[in-house]
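Come along as I look things up one by one.

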Amino acid sequence: MWTKTFTKEYEMISKEAIWEAWVDVKNWPKWDSELEYCEISSNFEKGAGFILKPKGGPKVRLHLSEVVANTRFTNYCKFFGAVMYDAHELETLPNGQVKVTNTITVKGPLSFIWVNLVAKNVAKSVPEQTDNLIEHVRKHYV
């Protein structure tokens, strides 16, 4: 198993505003510059599936395995011999800041292949992607 976690705290923003942007899947490419498009044909809830198309890559089918409104969600995608999970969490701190945490985990007998082909690149982009998300939320959801 391989895991990589990124955490950052942000001022003057609410969990609810960030959550609004997260559930607005079709607009993820507005804050994630590595995405060409995203599609979801149902509500943002456990069991729902969606498609994202990375720039220069094939379409990827993801599924939501956990959704707790305004708090956290986890999506996953299946590869041959491995599964990659991407957990997103929000926490309001006593000082009023919001802590955003993203944890990517890859499990399975062939995880070492997918870590090197996919997961390390995804994890590397998370800090910039998270900052872009917060900037997008401040412009469009606050």
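**Entry 1: ground rules.** The model is predicted, so to speak of local features I need pLDDT of at least 70, and side-chain atom pairs count only at pLDDT 80 or more, while totals for chains, interfaces and linings use all residues. Residues are numbered from 1 along each chain as its sequence is written, and side-chain values use heavy atoms, with hydrogens and water left out.

**Entry 2: salt bridges.** I took a salt bridge to be a side-chain nitrogen of Lys or Arg within 4 Å of a carboxyl oxygen of Asp or Glu. How many salt bridges does a search of the whole structure find? The search gives 6, and I wrote up some of them.

I began with Glu66 and Arg72, whose side chains meet in a salt bridge at 2.8 Å, N to O. Arg72 is partly exposed at 30% relative accessibility, and Glu66 is partly exposed at 27%.

Next I looked at Lys8 and Asp131, which form a salt bridge with their closest N and O atoms 2.9 Å apart. This pair links distant parts of the chain: Lys8 sits in strand S1 (residues 2–10) and Asp131 in helix H2, 123 residues apart. I take helices (H or I, at least four residues) and strands (E, at least two) as DSSP runs, numbered from the N terminus. Lys8 has a relative accessible area of 32%, so I call it partly exposed. Asp131, at 32% relative accessibility, also counts as partly exposed.

Then came Lys139 and Glu135, another salt bridge, with the closest N and O atoms 3.3 Å apart. How far apart are these two in helix H2? Lys139 and Glu135 are 4 residues apart there, so about one helical turn separates them. Lys139 counts as exposed at 59% relative accessibility, whereas Glu135 is partly exposed at 45%.

Entry 3: I noted a handy idea here: rolling a probe the size of a water molecule over the atoms shows where empty space is left. The search runs on a 1 Å grid over the protein atoms alone; a pocket is an open set of points where a 1.4 Å probe fits, with protein on both sides within 12 Å along at least five of seven lines, and lining residues have an atom within 4 Å of a point. Grid points are joined across faces, edges and corners, and a volume is the space filled by probe spheres set on the points.

The largest pocket holds about 820 Å³ of space. I counted 37 residues in its lining, and Leu52, Pro54, Met84, Val118 and Val122 lie nearest its centre.

Which element gives the most to this lining? That is H2, with 10 residues. Elements supplying at least two lining residues each include strand S3 (49–54), strand S6 (82–92) and helix H2 (111–140).

I also sorted the lining by residue type: 22 are nonpolar, 9 polar and 6 charged. In this sorting, Ala, Val, Leu, Ile, Met, Phe, Trp, Tyr, Cys and Pro count as nonpolar, Asp, Glu, Lys and Arg as charged, and the others, Gly among them, as polar.

Entry 4: Most residues other than glycine have a negative phi, and most peptide bonds are trans. Met12 is not a glycine, yet I found a positive phi of about 50° for it. Met12 is in the loop between S1 and helix H1 (15–23), and it is exposed at 75% relative accessibility.

Asn70 is not a glycine either, and its phi is positive at about 60°. Asn70 is in the loop between S4 and S5 and counts as partly exposed at 24% relative accessibility.

**Entry 5: two distances.** Lys99 lies in strand S7 and is partly exposed, with a relative accessible area of 24%. Lys99 and Glu11 are 88 residues apart along the chain, and their C-alpha atoms are separated by 9.1 Å.

Is Thr130 buried or exposed? Thr130, found in helix H2, is buried, with a relative accessible area of 6%. From Thr130 to Glu36 I noted 94 residues in sequence and 17 Å in space, C-alpha to C-alpha.

Methods
Buried < 20%, exposed > 50% of the residue type's maximum accessible area, 1.4 Å probe, protein only.
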